[in-house]
Amino acid sequence: MTPAEVAEMLDVKPDRLRKMRAAGRGPAFVKDGRLIRYHPRAVDAWLRACERGGQRGRG
């Protein structure tokens, strides 16, 4: 996925996603020269790691 696609999916501006990359936060990405791409599974794993509340730990 492109940074623009991920930013849209996360409902953030592409610049915010760029700042997250620079700070070492956010989904894992692959960089080849100037090209940056995200694997959908990496984005999903990052979102799951950020989950709070909900049903986890209940039962």
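Predicted model: local features only at pLDDT ≥ 70, side-chain atom pairs only at ≥ 80, totals over all residues.
Let me start with R21, which lies in helix α2, where helices (H or I, at least four residues) and strands (E, at least two) are DSSP runs, numbered from the N terminus. Residues are numbered from 1 along each chain as its sequence is written, and side-chain values use heavy atoms, with hydrogens and water left out.

R21 is buried and yet has no salt bridge, the nearest side chain of opposite charge being D15, 7.9 Å away. Buried means under 20% relative accessible area, exposed means over 50%, and partly exposed is in between, with a 1.4 Å probe and protein chains only. For charge, Lys and Arg count as positive and Asp and Glu as negative, whereas His and the chain ends are not counted. A salt bridge is a side-chain nitrogen of Lys or Arg within 4 Å of a carboxyl oxygen of Asp or Glu.

What does R21 touch, if we leave out residues up to four places away in sequence? Its contacts (heavy atoms within 4.5 Å) are with P3, F29, I36 and Y38.

The structure holds one aromatic pair. Its rings are those of F29 and Y38, with centres 6.0 Å apart and planes at 50 degrees, so the pair is tilted. F29 is partly exposed, at 36% relative accessible area, whereas Y38 is buried, at 2%.

Y38 also belongs to the largest nonpolar core, which has eight residues, namely V6, A7, L10, L17, M20, I36, Y38 and V43. By a nonpolar core I mean a set of buried Ala, Val, Leu, Ile, Met, Phe, Trp, Tyr and Cys residues joined through side-chain atoms within 4.5 Å. The elements giving two or more residues to this core are α1 (3–10) and α2 (14–22), and the largest share, three residues, comes from α1. As a general point, nonpolar side chains in soluble globular proteins tend to be buried together.

Just after α1 comes D11, with a positive phi of about 60 degrees, although D11 is not a glycine. Most residues other than glycine have a negative phi. D11 lies in the loop between α1 and α2, and is exposed, with a relative accessible area of 71%.

How many salt bridges does a search of the whole structure find? The search finds three. In α2, D15 and R18 meet through their side chains at 2.6 Å, N to O, and these residues are three apart, about one turn of the helix. D15 forms a further salt bridge with K19, the closest N and O atoms being 3.4 Å apart, so that D15, R18 and K19 are linked in a network of salt bridges. Both D15, at 36% relative accessibility, and R18, at 40%, count as partly exposed.

The remaining salt bridge that I will show joins the side chains of R48 and D44, at 3.0 Å, N to O. Being four residues apart in helix α3, R48 and D44 are separated by about one helical turn. R48 is exposed, at 51%, while D44 is partly exposed, at 34%.

I will finish with A45, which lies in helix α3 and counts as partly exposed at 43% relative accessibility.

Notes
Phe/Tyr/Trp six-rings, centres within 6.5 Å; stacked < 30°, edge-to-face > 60°.
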